[in-house]
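Biologist: I am new to this structure and would like to know what stands behind the words used for it. Please show it, and then go through the terms.

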Amino acid sequence: MKEIEKISNEKGNWFIAEIIEKREPVERKKDNDLRRVVTWGNFHLIKAENPKLAYEKAVKIGKDAEIKFTNSDNIEMEYTFVGIADLIPIYDDNIEDGCEIMWTDYGSISNQKAEKFARTEKEILANIKLKNK
């Protein structure tokens with residue numbers, strides 16, 4: 001039997017941080033808060049002794065990812081760190097295949113609404129972008 005790969009979390013020092021970043025042209029109307037910007041919520045695994053340190057590490061990761069580049073239309077663009085949307089502790093003692101790493105409390109909602117969260121296999125698989133190898 002193959003040994004399962006595990007990362008110990010007995011100290012409770014692993015977190016999931018959602019880091020928000022956006023992409024837009026460098027030359028833009030910065031005073032227009034209604035402008036359209038491409039925005040991502042990126043989820044990062046963070047190891048830290050406490051939530052404050054995890055937050056600080058997440059901010060550093062976000063800021064370190066800021067870059068400027070010229071796109072194919074010869075427009076100077078930039079990725080900008082917006083902030084941290086969420087910081088979630090991982091509660092399982094081991095991080096391994098199949099462990100629970102995140103959860104959302106949707107509260108007491110109607111059965112109809114609860115049923116709408118689930119999507120078909122086709123819908124889910126159509127949105128997955130695999131890493132280029």
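Modeller: Buried means under 20% relative accessible area, exposed over 50%, and partly exposed in between, with a 1.4 Å probe and protein chains only. This is a predicted model, in which local features need pLDDT of at least 70, side-chain atom pairs count only at pLDDT 80 or more, and totals for chains, interfaces and linings use all residues. Residues are numbered from 1 along each chain as its sequence is written, and side-chain values use heavy atoms, with hydrogens and water left out.

Biologist: Why is Asn74 called exposed?

Modeller: The relative accessibility of Asn74 is 67%, and the cut-off is over 50%, so Asn74 counts as exposed. Asn74 lies in the loop between strand S4 (67-70) and strand S5 (76-89); strands are DSSP runs of E of at least two residues, helices are runs of H or I of at least four, and both are numbered from the N terminus. Asn74 also has a positive phi, near 65 degrees, in a residue other than glycine.

Biologist: What makes Glu24 count as buried?

Modeller: Glu24 has 2% relative accessibility, which is under 20%, so Glu24 is buried. Its place is strand S2 (residues 14-25).

Biologist: Which side chains have a polar contact with that of Glu24?

Modeller: Those of Lys22, at 3.4 Å, and Arg28, at 3.0 Å. A polar contact is a pair of N or O atoms within 3.5 Å; within protein, one must be able to donate a hydrogen and the other to accept it, and residues adjacent in sequence count only if both atoms are side-chain atoms. Leaving aside neighbours within four places in sequence, Glu24 is in contact (heavy atoms within 4.5 Å) with Arg35, Val37, Met77 and Glu78.

Biologist: Why is Leu130 called exposed?

Modeller: Its relative accessible area is 73%, over the 50% cut-off, so Leu130 is exposed. Leu130 is in the segment after helix H3 (121-126).
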